[in-house]
Amino acid sequence: MRVIILEDTDDVAHVGASFFLQHLELKPASVFGLATGSSPVALYNCLINAHRNDGVSFSRATTFNLDEYYGIAADHVQSYRHFMQVNLFNHIDVVPSSTHVPDGMAEDPITACLRYEESIAEQGGIDVQLLGIGRNGHIGFNEPSSSLASRTRIKTLTKETIEDNARFFSKDEVQPTLSLTMGIGTIMEAKKVVLIATGRAKAKAIKDSIEGPVSASCPASMLQLHRDTVIVLDSEAASDLDNQAFYQFVEEQRQKLEAA
Ligand code: F6R
C-alpha cells in the first residue's frame, strides 16, 4: 500500500483528485468508482474546478457509485444519487446515462445487484475506485464481519454507521438501516484504489486498516491484499500509525526517483 500523509486537509482532496485526473488524461473513457459522504466533497470540487478552469472533460467517462440506501428513491434528497448530482454530476460534462448508482427502489434487489456487477464488467471493470472509510473500518457499506469476497448486495448498517450518518437527516425523516453496496470483492477488482481520510475520528480505523491484520473485523484491511492502493491522509487521520516516518521516507524516495 502507498500511504501519503499530508499536513493540510485541503491537500488530501487535491492529491486524491490528481489520481483521477491523471488517469483521465491517459484514458478519456476511464471507468471511475465513486463514493459519497463528507470525505469526497472537496475532492469532487477539485474535479469540478479542473473541468471549469482547465477544460478537463468527463464526456467519455463512466462512473459507478459504491452504494445507495435501500428504500430511498433516486430523487429523494437523502439519496446518494441526489448527493452525486449536487456534488459532482451537475457540474461536469459526464453523460447522465454513463453515471450509475445502485437503485434503492429496485423491486428485485437481488437481480438489481447482479445486474450492477454485470454493468461494471461490461465496461471493462473499474479503473480507479474512490473510497472513504467509516470509523469502524467499513468501505462502501461493507460493515465489520462482511465477507472479504462479497459482491454487490443488500447490507444492514451498523448502529455506529446509522449514528454517524444521522447528521445528514432531520429529526422527522426516517433514516434507512439497509443499503445496496458493492462488495469487498467488487472493490478489490478495481485496478487502482484511492482511499482518503481526514480527522482524528478516522485514526483508529486507518491504523487497523494499514497496520492491523487482514480481517473482516476491519473491512478496509483487505486493501493490504490489493496491488495498487493509495491511502491519502491528513496528519490527524494518520496520527495512530506506528510507521508514519517510514511512509514519509518512502514518499520522499519516490519523489526523488520521479524527479531523476
Ligand atoms: C459512502 C461510503 C461510505 C463512506 C464512509 C465515510 O458512499 O461508501 O463508506 O465513505 O462512511 O463517510 P464520511 O466521508 O462521511 O466520513
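Tutor: The answer below begins with the chain as a whole and then turns to the aromatic pairs. The model is a predicted one. Its chain contains eight helices and 10 strands. The radius of gyration is 17 Å, close to the 18 Å that the globule rule gives for 260 residues, so the chain is as compact as a globular protein of that length. Of these 260 residues, 51% count as buried.

A search of the whole structure finds seven aromatic pairs. A pair of aromatic rings is described by the distance of the centres and the angle of the planes. One of the pairs is formed by Phe-20 and Phe-32, with 5.1 Å from centre to centre and 70 degrees between the planes; this pair is edge-to-face. Because Phe-20 belongs to helix α1 (residues 9–26) and Phe-32 to strand β2 (residues 31–34), the pair ties together parts that are 12 residues apart in sequence. Both Phe-20 and Phe-32 are buried.

Another pair joins Tyr-69 and Phe-169: the ring centres are 5.8 Å apart and the planes stand at 70 degrees, so this pair is edge-to-face. Here distant parts of the chain are linked, since Tyr-69 lies in strand β4 (residues 67–69) and Phe-169 in the loop between α5 (159–165) and β8 (178–181), 100 residues apart. Tyr-69 is buried, as is Phe-169. Tyr-69 and Phe-169 also belong to a cluster, in which ring pairs link them with Tyr-80 and Phe-141.

Conventions: Residues are numbered from 1 along each chain as its sequence is written. This is a predicted model: local features need pLDDT of at least 70, side-chain atom pairs count only at pLDDT 80 or more; totals for chains, interfaces and linings use all residues. Side-chain values use heavy atoms; hydrogens and water are left out. Rings of Phe, Tyr and Trp (its six-membered ring) pair if their centres lie within 6.5 Å; planes under 30 degrees apart count as stacked, over 60 as edge-to-face and the rest as tilted. Helices (H or I, at least four residues) and strands (E, at least two) are DSSP runs, numbered from the N terminus. Buried means under 20% relative accessible area, exposed over 50%, partly exposed in between (1.4 Å probe, protein chains only). The radius of gyration is taken over C-alpha atoms; the globule rule is 2.2 Å times the number of residues to the power 0.38.
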